[in-house]
Amino acid sequence: MTITDPGVSEYLLCFADDEHLMGQQHTEWIGVAPFLEEDLAFASIGQDELGHAAALYALLVGDDDRAIDDLALRRDAADYRSCHLVEVDTGDWVQALVRHWLYDAAESLRWQVFADSAVTGLAGTAARAQREEVFHRRHADALLDALLSVPESASRLDTAFRHLLPVALGIFEPVEGETVALEAGVASESIAGLRPAWQELVVARFGPVDWHSITPPDQAGRRLRSADFAVRYARMREVNDLDPAAVW
Amino acid sequence: MRIYEVFLKRKGKQEFRHAGSLEAADDELALVLARESYVRRAEGDSIWLVDRDHLVVGDEEFVAPNADKPHRHNDGGRVAERRQRIHEENS
């Protein structure tokens, strides 16, 4: 099937915007990551996420680059459907790394629900993305394995983890159009239904968590942008705003 | 941190070739980082990483005494001449 239902569009837009924002955030580390090899690796992972976003946007508006750019970069802030985890400014590398882990653990689960999707092309996109996610997760785990063995690093990582965990829960907030999408066979599981599996991964990585004591941010069904979004969005659009008619 | 030497190989008969080196905290990290630093454009189909400390090294001083032995540089010319001479004598 092709996507005609606005609910299904809205549902897929949430994932596309998450991927887009996450990619933009990662690529900001190019040139300033803690060491050269990581600089390349992190920007590459960001590039992969931007590719995933482009593929999802293309499902919504077709392959025309201009249409994809319009959707990716020329919307009102209120029309974005990103979760707050991908919008927030992490400030330092420790938080960026923890977010990378938390996000990619969820992302892997999110692609799995499209394995038999009724949307033409989505299962193939998901399979390709999933192959990349295996590497993204391995990268995040390798860094955490190395850093958690050093007491000072472990302590800083834990602080970043405690800070970001509530924000990360916003990933799993039910989104508009999801019911329609599930009924139409677009996805095989709701986003909230992925949360238990993600929590298991989190506990296996970071240790026991008192989930009842953690409250996700108020995202109003992803209709509310976080405080950091405006600055991030201005940076994303910087080149586009200089010359909106430019052809790439 | 450890230093790893990176070797790449393409599919088929080509041998592993040295591509460079990188610094990483452990083997797994070295592997994931080498993937982005050395094969991000599929420059090879497989990759070897060797911890530099595990290399068995012969330095220049060790190799140098063999640099002055022209008699070991056999280009086959003398043997070819002899074969030619014998061939002519027998024909």
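A residue counts as buried if 20 or more other C-beta atoms, placed from the backbone, lie within 10 Å of its own.

Figure 1. Of the 91 residues of chain B, 14% are buried. The C-alpha trace of this chain spans about 70 × 35 × 15 Å along its principal axes. Chain B has a radius of gyration of 22 Å, whereas a compact globule of 91 residues would have one near 12 Å; the radius is taken over C-alpha atoms, and the globule rule is 2.2 Å times the number of residues to the power 0.38.

Figure 2. Helices (H or I, at least four residues) and strands (E, at least two) are DSSP runs, numbered from the N terminus. Among contacts (C-beta atoms, placed from the backbone, within 7 Å) in chain B between residues at least 6 apart in sequence, 44% join residues at least 24 apart.

**Figure 3. Helix 1 and helix 2 of chain A.** The axes of helix 1 (residues 6-27) of chain A and helix 2 (residues 36-61) of chain A come within 7 Å and cross at roughly 155°; axes are lines fitted to C-alpha atoms over the stretch in contact, with angles from 0 to 180 degrees between N-to-C directions. Helix 1 of chain A is therefore roughly antiparallel to helix 2 of chain A (angles over 145 degrees).

Residues are numbered from 1 along each chain as its sequence is written, and chains are lettered from A and ligands numbered from 1 in the order in which they are written. In this predicted model, local features need pLDDT of at least 70 and side-chain atom pairs count only at pLDDT 80 or more, while totals for chains, interfaces and linings use all residues.

Terms used
Buried ≥ 20, exposed ≤ 12 C-beta atoms within 10 Å, placed from the backbone. Contact = placed C-beta atoms within 7 Å. Parallel < 35°, antiparallel > 145°, perpendicular 65-115°, else oblique.
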